[in-house]
Amino acid sequence: MRILGIDPGLRVTGFGLVDSDKDKVTYLASGVIRTGVGSLPARLQKIHYGIVELVEEYRPDIAVCEIVFVNVNPRSTLLLGQARGAAIGALVSRSLEVHEYTALQVKQAVVGYGRANKNQVQLMVQRLLLLPGTPSPDAADALACAVCHVHAGAMIKMLGTGMRRGRVVGRGPSGILRG
């Protein structure tokens with residue numbers, strides 16, 4: 001399975017592609033889409049077209065995007081949400097299934113600590129994917145999203161039936177669906 005991870009940002013949107021085959025995760029590509037300066041619609045268009053180009057070039061099976069939470073600055077949160085919307089819109093316009101994880105879930109899956117800093121995420125992504133160098137913070141976050149999905153998928157298969165409202169659900173010993 002080929003997974004495209006997205007770390008949305010209005011100035012810099014990170015992307016990372018991995019191939020997953022059972023327990024093996026292989027690095028494919030990563031980088032950033034830079035929007036530069038300009039009007040908001042023009043910057044959102046760059047994100048949209050950049051992601052569409054990635055999907056057409058690499059043909060991922062699914063996509064993973066980080067969930068954005070409210071920050072201290074409401075304006076920044078709103079702009080980040082619009083960048084995320086442009087990214088998800090590009091993904092679904094190419095009929096990709098999009099999975100979403102919080103930053104805490106991603107860090108927990110990759111580093112083992114939900115409050116890990118950017119440097120810790122970068123180093124762990126480098127180690128997990130056997131990269132020759134440290135990826136940029138935005139590319140590392142996107143790769144971490146993809147790796148998180150691989151780990152979540154393995155956990156879901158191990159535990160039971162799937163997810164409901166962001167929670168893992170499975171059948172108990174009596175066959176009753178729990179979650």
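Axes, as the term is used here for helices, are lines fitted to C-alpha atoms over the stretch in contact, and the angle between two of them runs from 0 to 180 degrees between N-to-C directions. Two packed helices are described by the angle between their axes and the distance between the axes. The structure discussed below is a predicted model.

In this model, helix H1, residues 40-58, packs with helix H2, residues 74-93, at an angle of about 35 degrees, and the two axes lie 8 Å apart. The crossing of H1 past H2 is right-handed. On the H1 side, the contact is formed by Leu40, Leu44, Ile47, His48, Ile51, Val52 and Val55, which meet Leu79, Gln82, Ala83, Ala86, Ala87, Gly89, Ala90, Leu91 and Ser93 of H2.

Helix H2 may next be followed from its start to the residue beyond its end. At its start, a side-chain oxygen of Asn73 comes to within 2.9 Å of the backbone nitrogen of Arg75. The length of H2 agrees with expectation, because its 20 residues, at 1.5 Å a residue, should span 28 Å, and the C-alpha atoms at its ends are 28 Å apart. Just after H2, Ser95 adopts a positive phi of about 60 degrees.

The buried residues of H2 are Thr77, Leu79, Ala83, Arg84, Ala86, Ala87, Ile88, Ala90 and Leu91. Their packing partners include H1, and also strand S1 (2-7), strand S4 (62-66) and strand S5 (97-101).

Attention now turns to two individual residues. Gly14 is part of strand S2, which covers residues 12-21. Gly14 counts as buried because its relative accessibility is 0%, and the limit for that class is under 20%. Beyond residues up to four places away in sequence, Gly14 touches Gly5, Ile6, Asp7, Gly31, Val32, Asp138, Ala139 and Ala142. The C-alpha atom of Gly14 is also separated by 7.7 Å from that of Ala140, although these two residues stand 126 residues apart along the chain.

The second residue, Gln126, belongs to helix H4, residues 118-128. Is Gln126 buried or exposed? Its relative accessibility is 17%, and Gln126 therefore counts as buried. With neighbours within four places in sequence left aside, Gln126 is in contact with Leu131, Pro132, Gly133, Thr134 and Pro135.

Conventions
Residues are numbered from 1 along each chain as its sequence is written. This is a predicted model: local features need pLDDT of at least 70, side-chain atom pairs count only at pLDDT 80 or more; totals for chains, interfaces and linings use all residues. Side-chain values use heavy atoms; hydrogens and water are left out. Helices (H or I, at least four residues) and strands (E, at least two) are DSSP runs, numbered from the N terminus. Buried means under 20% relative accessible area, exposed over 50%, partly exposed in between (1.4 Å probe, protein chains only). Contact means heavy atoms within 4.5 Å. A crossing is left-handed if the near helix is turned anticlockwise from the far one by less than a right angle, and right-handed if clockwise. The expected span of a helix is 1.5 Å times one less than its number of residues. A polar contact is a pair of N or O atoms within 3.5 Å; within protein, one must be able to donate a hydrogen and the other to accept it, and residues adjacent in sequence count only if both atoms are side-chain atoms.
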